Amino acid sequence: MKAIHFLVLFVVLALSSSFASASDPSPLQDFCVAIDDYKNGVFVNGKFCKDPKLATPDDFFFSGLNIPRNTSNPVGSTVTPVNVAQIAGLNTLGVSLVRIDYAPYGQNPPHTHPRASEILVVQEGTLYVGFVTSNPENKLFTKILHKGDVFVFPIGLIHFQFNIGKTNAVAFAGLSSQNPGVITIANAVFGSDPPINPDVLARAFQLERNVVKSLQAKFWWDNN
């Protein structure tokens, strides 16, 4: 009898596991509109694969992350990505990397990665970092990081880094997607093309309409 119970339990667990693994894979693009004619379609969730026999070491290589980037811009930072666009061999592997350079008091503004969690390590300088949880709590988690410190930003949550030091700062971050995507909050809300109706934003942010129009008229710098 115990053997039968064990067998039933084993079958249930096996079925549960198969159902769990049968879910749709996470998308690697913002959206995918269905069409009936494949001739007008595009390949999604990755890129077409090269014949493995034709692969070379250069397909898995990138050089230059040791080079400091120019941070003379409105936000005082520059992100250098190393994803599938830079290393073709990352296709289907689910990982990527960035280098972030910060001017004194520069920041990587509040943003999200819709397809990846992020783990960041500080190489130089001192960073004030944090993320905000989803509604309704909207709890802020922050930490001051020094050289060698590591911090994690969960997938999809708004997060930021701010160089609170008087010297340049550098950080490297790994992301759990070959194409993590980035949505900079201010750029998306006030710099969308075409612009969001100012009445919508005035009500949402509880601002005067002329303030919203002024914000929409600004140039929103993309540091990526």
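1. Strand S1 (77-82), strand S2 (96-102) and strand S3 (107-112) each put at least two residues into the lining of the second largest pocket. S2 is the main contributor, with four residues, the largest share. Here helices (H or I, at least four residues) and strands (E, at least two) are DSSP runs numbered from the N terminus. A pocket is an open set of points on a 1 Å grid over the protein atoms alone, where a 1.4 Å probe fits, with protein on both sides within 12 Å along at least five of seven lines; lining residues have an atom within 4 Å of a point.

2. A word on what we're looking at: this is a predicted model, where local features need pLDDT of at least 70 and side-chain atom pairs count only at pLDDT 80 or more, while totals for chains, interfaces and linings use all residues. Residues are numbered from 1 along each chain as its sequence is written, and side-chain values use heavy atoms, with hydrogens and water left out.

3. Back to that second largest pocket. The space in it comes to about 200 Å³, a volume being the space filled by probe spheres set on grid points joined across faces, edges and corners. It has 18 lining residues, and Val98, His113, Pro180, Val182 and Asn224 sit closest to its centre. By type, the lining splits into nine nonpolar, eight polar and one charged. For that count, Ala, Val, Leu, Ile, Met, Phe, Trp, Tyr, Cys and Pro are nonpolar, Asp, Glu, Lys and Arg are charged, and the others, Gly among them, are polar.

4. The largest pocket has a volume of about 280 Å³. Its lining has 13 residues, with Cys49, Lys50, Ala88, Gly89 and Asn91 nearest the centre. Six of the lining residues are nonpolar, three polar and four charged.

5. What is the overall make-up of the chain? There are four helices and 10 strands, and in sequence order they run α-β-β-β-β-β-β-β-β-β-β-α-α-α. Of the contacts (heavy atoms within 4.5 Å) with a separation of 6 or more, 70% are between residues 24 or more positions apart.

6. Five of the strands make an open antiparallel sheet, ordered S6-S5-S8-S3-S10. Its edges are strand S6 (140-145) and strand S10 (183-184), each pairing on one side only. Pairing here needs at least two DSSP bridges between two strands. Between S3 and strand S8 (residues 158-163) there are three bridges, and the two strands run antiparallel. One to look up on screen is Gln107, whose bridge partner in S8 is Phe162.

7. Which residues make the most contacts inside the largest nonpolar core? They are Tyr102, Leu120 and Leu127, in a core of 18 residues. S2, strand S4 (118-124), strand S5 (127-132), strand S7 (150-153) and strand S9 (169-175) each give at least two residues to this core, and S9 gives the most, four. A second, separate core has seven residues, including Val84, Leu90, Val170 and Phe172. A core is a set of buried Ala, Val, Leu, Ile, Met, Phe, Trp, Tyr and Cys residues joined through side-chain atoms within 4.5 Å.

8. Across the chain, 32% of the 224 residues are buried, where buried means under 20% relative accessible area, exposed over 50%, and partly exposed in between (1.4 Å probe, protein chains only).

9. Is Asn108 buried or exposed? This S3 residue counts as buried because its relative accessibility is 4%. Beyond four places in sequence, Asn108 touches Ser77, Val79, Ile100, Tyr102, Phe160, Gln161 and Asn223. Asn108 is also 32 residues from Gly76 in sequence but 7.9 Å away, C-alpha to C-alpha.

10. Most peptide bonds are trans, and most residues other than glycine have a negative phi. A cis bond joins Asn135 and Pro136, with omega about 5 degrees, and Pro136 is in the loop between S5 and S6. That loop also holds Asn138, a non-glycine with a positive phi of about 50 degrees; Asn138 is partly exposed at 42% relative accessible area.

11. The Asp193 to Pro194 bond is cis as well, with omega near 0 degrees; Pro194 lies in the loop between helix H2 (185-190) and helix H3 (198-205). Thr92, in the S1 to S2 loop, has a positive phi near 75 degrees and is exposed, with a relative accessible area of 59%.
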